[in-house]
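Here are my notes for you on this one. Have the sequence and the 3D view open while you read.

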Amino acid sequence: VALAILSVAVVSMIQLFGQGLRLLKVSGDYQQAVLLADQKAREVETVREGVEAGQEGDFEWERRATVTAVPEELTVSGTGLTPLRLFLVSVKVRWGGRRVEVATLRTARESLP
């Protein structure tokens with residue numbers, strides 16, 4: 001009886017250890033995906049509307065920039081300054097049936113004609 005109880009305990013511990021390793025792998029993948037998404041969001045130097053995509057290792061990424069309305073309280077009227085445009089930059093990273101998304105707001109000066 002003691003041997004049966006011990007064998008059930010050992011099998012349970014081995015299964016828990018295996019599950020822990022799988023969770024550690026998934027956690028590492030999520031961390032790597034968030035770092036990649038943050039990197040792709042930060043490396044935008046000149047903001048233009050549109051979609052860019054690429055792949056790094058097992059991760060596919062997509063960066064989308066869209067113009068967002070600037071609240072009236074934040075605009076400077078009658079100063080003659082070039083108005084700022086506000087962009088929503090979102091980066092989606094996909095891998096192995098999973099997905100993570102990072103979004104941020106960026107400002108850019110209106111391009112002169």
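1. Let's start with a term: a salt bridge is a side-chain nitrogen of Lys or Arg within 4 Å of a carboxyl oxygen of Asp or Glu. By this rule the count here comes to eight. Lys40, Glu43, Glu52, Glu56 and Arg63 are linked in a network of such bridges.

2. A word on where this comes from: you are looking at a predicted model, where local features need pLDDT of at least 70, side-chain atom pairs count only at pLDDT 80 or more, and totals for chains, interfaces and linings use all residues. Residues are numbered from 1 along each chain as its sequence is written, and side-chain values use heavy atoms, with hydrogens and water left out.

3. Now the layout. The chain has one helix and four strands, in the order α-β-β-β-β along the sequence. Helices (H or I, at least four residues) and strands (E, at least two) are DSSP runs, numbered from the N terminus.

4. Glu52 and Arg63 form a salt bridge, with the closest N and O atoms 3.1 Å apart. Glu52 sits in strand β1 (residues 50–56) and Arg63 in strand β2, so the pair ties together parts that are eleven residues apart in sequence. Buried means under 20% relative accessible area, exposed over 50%, and partly exposed in between (1.4 Å probe, protein chains only). Arg63, at 8%, is therefore buried, while Glu52, at 42%, is partly exposed. In the Glu43–Lys40 bridge the closest N and O atoms are 3.3 Å apart; Lys40 is buried at 7%.

5. What about Asp29 and Lys25, which both lie in helix α1? They are four residues apart, about one turn of the helix, and form a salt bridge with a closest N–O distance of 3.0 Å. Asp29 is buried at 15%, whereas Lys25 is exposed at 52%.

6. Next, the nonpolar side. A nonpolar core is a set of buried Ala, Val, Leu, Ile, Met, Phe, Trp, Tyr and Cys residues joined through side-chain atoms within 4.5 Å. The largest one has eleven residues, including Leu36, Ala37, Phe59 and Trp95. Helix α1 gives the largest share, four residues. A second, separate core of five residues includes Val44 and Phe87.

7. Leaving aside neighbours within four places in sequence, Ala37 is in contact (heavy atoms within 4.5 Å) with Val91, Val93 and Val102. Ser90 is in strand β3 and is buried at 12%; among the residues it touches beyond four places in sequence are Arg63 and Val102.
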